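Trainee: I am new to this structure. Can we go through it together, one question at a time?

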Protein chains: 2
Amino acid sequence: MSGGWRNRVSRLMDLIQENELSAVLIRSEANIFYFTGYRGPGYLLIPLNGDPKLYVYPLDFELAKMYVRGGVEVEELNMTARIEKIVEELPNEVKSRLGFDVMSAEDYLKISALVGYESLKPASEIIWKLRMIKDQSEIKNIERACDIASKTMDLASEMLEDGVMESEVKAEILEEMYKLGADGAAFDIIVASGSRSSMPHGAPGSRVMKEGDVVVVDLGAIFEGYCSDMTRTFYIGKDPPEEIVKIYEMVLEAKKLAEESVKPWTLSSALYDKVYDRFATRGYADYFIHGLGHGVGIEIHEPPRISKAGKEMIQENMVITIEPGIYLPGKFGIRLEDTLLVEKDGVRMLTSAPYTLTPY
Amino acid sequence: MSGGWRNRVSRLMDLIQENELSAVLIRSEANIFYFTGYRGPGYLLIPLNGDPKLYVYPLDFELAKMYVRGGVEVEELNMTARIEKIVEELPNEVKSRLGFDVMSAEDYLKISALVGYESLKPASEIIWKLRMIKDQSEIKNIERACDIASKTMDLASEMLEDGVMESEVKAEILEEMYKLGADGAAFDIIVASGSRSSMPHGAPGSRVMKEGDVVVVDLGAIFEGYCSDMTRTFYIGKDPPEEIVKIYEMVLEAKKLAEESVKPWTLSSALYDKVYDRFATRGYADYFIHGLGHGVGIEIHEPPRISKAGKEMIQENMVITIEPGIYLPGKFGIRLEDTLLVEKDGVRMLTSAPYTLTPY
């Protein structure tokens, strides 16, 4: 395995040992990508002693061999080599304390019937311990994904006007992302106008934007397998009503407050609480209906969870979003979000675009 | 609940009774959409006696209330109302034989610790029994999704030429899908040229197409939540080499053979075997490395699986794909695919585009 990858696998082996496991069976495509460079369905077995082995279906065999970093052996799954059979045939010392990352209840029932319920141990957290802290090559890819996102936000801003369909803006953003070298969008881009803006996840379908609309634009790109995530909220027309301006400023102020508070060794829920309390003193806490942010990396939503229930400590080289939002049901919603890198003494913003209600 | 939806829930209740369950806890977003009209994260509880209840997170509450068909009660999940707690507090007669559709091993361990391992029963198959057979409103949506796909295949065909980037074609296809009223693409569109065409799932990144390339274009649209899926393979240039022509014709012939064989009460694996055997007599069986097709509906890959291991009987009003392909590692791949509706005496093609190696 070349540098970064060998290092990731050997750090996982240390954690396997610390946690008294004998091996980890990895199913998540993102985890497989992290440890091997191949992204697709399959199973990756990393034993405490010995070499990692990647099992893929025949139709992905060529792809996997092309993308795995040297040192990872690739084998084919098939009718006679199903994963439960492969696990059953592992040496006892490998399957005796087998960690797993994600597993369906069905696979769990099948495999545990063969190796014993005692032997299967949830182990996703030890992988997240590694993945939460980004290395330099990961940060470089995320920076590129963030640059692309910021540029497409500029384009989105230019396009917002009375008479334009939400889906036209989405399509243009996607095309621009491809042109800028992205692998694609990190998630289904949200362009939610009018009362649709009051729903954080947007809503299916498309709508023609009109003067007087609030429009939430939430987008992210993927570059070399790494994501970015950012949101701006705009107003179509010249003079936004006072209520909209007031809430926009409140959200922006809360965002800055949170960003100034991000430092290594801060508890993630403490960041959330700060913003929640600020909204509460203004009487808007009930309209802040999601978490404050999340980690970003190979997946668009990763630990740490920056929410009421967030239990992780913020650490140097985590990449996270800060995204406070206020949603008035049936009226409008305002959310502002950036992706940022945690550094020794604070944060470095990785996405950027003006904070202005009027499209810029 | 309005017509179709009430009917779906009441048919599920019949199956719950037949299978001696007391309720089904539904987690799959596609299943929740099927029974409620709301698509997003959450849990849907359908008891044998009583009304369905949908549990969603606060940020999706407004969206869920807007989209659920009348009769489904919506409640908020939160820190004190987690799903395991909700299940624990269900009346004994509801939680005593609780079916589930998809569940993570983690949720399974948590919930089964509370209600007892004996009480939790895998039940995804009874939902697939319903979902595999499409009703008229579903068929209409799939037809629209197929029309959109066919039109964008025409566009793709026009764009393929020496010097064009794969990603440009993908971006144009997406934009056209939106213009034609699609909710979006049904999956990450594949435009795989040159030796990349020999990998059925394509490969990350983008490549400039060149004269002499084989190009596989695999695309699908979503219309009102329903998918379509089709593939064509092209050659860039005037005179495709004999080997490419020969394999193209063999794949096309195999596809027609399979389509003529699709009838209600055919075993899905028998369709696969027919194509496999045909390729085998020509010496190409080893290069047919995936299933022959799959069901299409709310999800892009659904039962029935039309493969060696396929155990479902083909039935009237199933919507399936037929997609034989031959892949010569490092050289090129050829796949042809359409979405089709199973009717009383055969099939009706829902996607359409010429079968020609030269872009049309």
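Trainee: How many salt bridges does the rule find across the interface of chain B and chain A?

Mentor: This is a predicted model, where local features need pLDDT of at least 70, side-chain atom pairs count only at pLDDT 80 or more, and totals for chains, interfaces and linings use all residues; side-chain values use heavy atoms, leaving out hydrogens and water. Residues are numbered from 1 along each chain as its sequence is written, while chains are lettered from A and ligands numbered from 1 in the order in which they are written. A salt bridge is a side-chain nitrogen of Lys or Arg within 4 Å of a carboxyl oxygen of Asp or Glu. Across the interface of chain B and chain A, the count is zero.

Trainee: How much area do chain B and chain A bury between them?

Mentor: Buried area is the accessible area (1.4 Å probe) that two parts lose on being put together, summed over both. Carbon and sulfur atoms carry 66% of it here. The total for chain B and chain A is about 3400 Å².

Trainee: Which three residues supply more of chain B's buried area against chain A than any other three?

Mentor: Contact means heavy atoms within 4.5 Å. By that rule, 38 residues of chain B touch 39 residues of chain A. The three in question supply 19% of the area that chain B buries there: Leu59(B), Glu62(B) and Tyr178(B).

Trainee: Which residue does Glu299(A) meet in a salt bridge?

Mentor: The whole structure holds 40 salt bridges over all chains. In this one, N to O is 3.0 Å. The pair links distant parts of the chain, 168 residues apart: Glu299(A) is in the loop between β13 (293-295) and β14 (302-306) of chain A, and its partner is in helix α7 (residues 124-131). Helices (H or I, at least four residues) and strands (E, at least two) are DSSP runs, numbered from the N terminus, and the partner is Arg131(A).

Trainee: How far is the C-alpha atom of Pro264(A) from that of Glu343(A)?

Mentor: Pro264(A) lies in the loop between α10 (242-261) and α11 (268-281) of chain A. Beyond its neighbours within four places in sequence, its contacts include Ile314(A), Val342(A) and Glu343(A). Pro264(A) and Glu343(A) are 79 residues apart along the chain, yet their C-alpha atoms are separated by 7.6 Å.

Trainee: What is phi of Asn317(A) near?

Mentor: Most residues other than glycine have a negative phi. Asn317(A), in the loop between β14 and β15 (319-322) of chain A, has a positive value, near 70 degrees.
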